[in-house]
Amino acid sequence: MRSRRATMWLAGGAVAALALTACGGSDSGGGTSSGSAAGTVTVNGSEPQNPLVPTNTNETGGGNVIDNVFTGLVTYNPKTAKPENAVAKEITSSDQITWNIKLNEG
């Protein structure tokens, strides 16, 4: 089990590294670029309590990172605060206890 956790950490780190490389680069438009390619990215400045496994992250420190790395079934519209399907294609329930979730392809 320990090697699986290490693999999850490495996979999470790889995803984060790929996402962060999109933030760097050069400015070929003749303008100036500020900042450095080297450094630390901080998300709300707290240390995760557990490894960054979505099903095992239930505290703010890890939850903020997970929210920035993964897309959930729904997202919330910032203007209306209403949920909108993201990964889910359709979410239904006849009794509000058992849910049927159809996912988007891919």
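1. Helices (H or I, at least four residues) and strands (E, at least two) are taken here as DSSP runs, numbered from the N terminus. The model under review is a predicted one, in which local features need pLDDT of at least 70 and side-chain atom pairs count only at pLDDT 80 or more, while totals for chains, interfaces and linings use all residues. Residues are numbered from 1 along each chain as its sequence is written, and side-chain values use heavy atoms, with hydrogens and water left out.

2. On the overall layout, the protein has two helices and four strands, and these elements follow the order α-α-β-β-β-β from the N terminus on. Of the 106 residues in the protein, 10% are buried, where buried means under 20% relative accessible area, exposed means over 50%, and partly exposed lies in between (1.4 Å probe, protein chains only). The protein exposes about 8,800 Å², of which carbon and sulfur atoms supply 53%; accessible areas come from the Shrake-Rupley method with a 1.4 Å probe, and for residues only the protein chains shown count as cover. Among contacts (heavy atoms within 4.5 Å) between residues at least 6 apart in sequence, 12% join residues at least 24 apart.

3. The loop between α1 (2–21) and α2 (60–69) holds T57, which counts as buried because its relative accessible area is 15%. A polar atom of the T57 side chain lies 2.8 Å from the backbone oxygen of V53, and the side chain of T57 also reaches the backbone oxygen of P51 at 3.5 Å. Such polar contacts are pairs of N or O atoms within 3.5 Å; within protein, one atom must be able to donate a hydrogen and the other to accept it, and residues adjacent in sequence count only if both atoms are side-chain atoms. Leaving aside neighbours within four places in sequence, T57 is in contact with P51, L52, G62, G63 and I66.

4. L52 also has its place in the loop between α1 and α2, and with a relative accessibility of 25% L52 is partly exposed. Although L52 and G63 are 11 residues apart in sequence, their C-alpha atoms are 8.3 Å apart in space. V69, for its part, belongs to helix α2 and is partly exposed at a relative accessible area of 34%; its C-alpha atom is separated by 9.9 Å from that of P54, 15 residues away along the chain.

5. A nonpolar patch on the surface is formed by L73, V87, I91, W99, I101 and L103, which together have about 490 Å² of accessible area. Patches are made of residues with over 30% relative accessible area and no salt bridge, with like charges joined within 9 Å and nonpolar side chains (Val, Leu, Ile, Met, Phe, Trp, Tyr) within 5 Å; a salt bridge is a side-chain nitrogen of Lys or Arg within 4 Å of a carboxyl oxygen of Asp or Glu. Within this patch, V87 lies in the loop between β2 (83–85) and β3 (88–92), and V87 counts as partly exposed because its relative accessibility is 31%.

6. Two backbone angles deserve a remark. Most residues other than glycine have a negative phi. A81, although not a glycine, has a positive phi of about 65 degrees; A81 is found in the loop between β1 (74–76) and β2 and is exposed, with a relative accessible area of 58%. Q96, likewise not a glycine, has a positive phi of about 60 degrees; Q96 sits in the loop between β3 and β4 (100–103) and counts as exposed at 55% relative accessibility.
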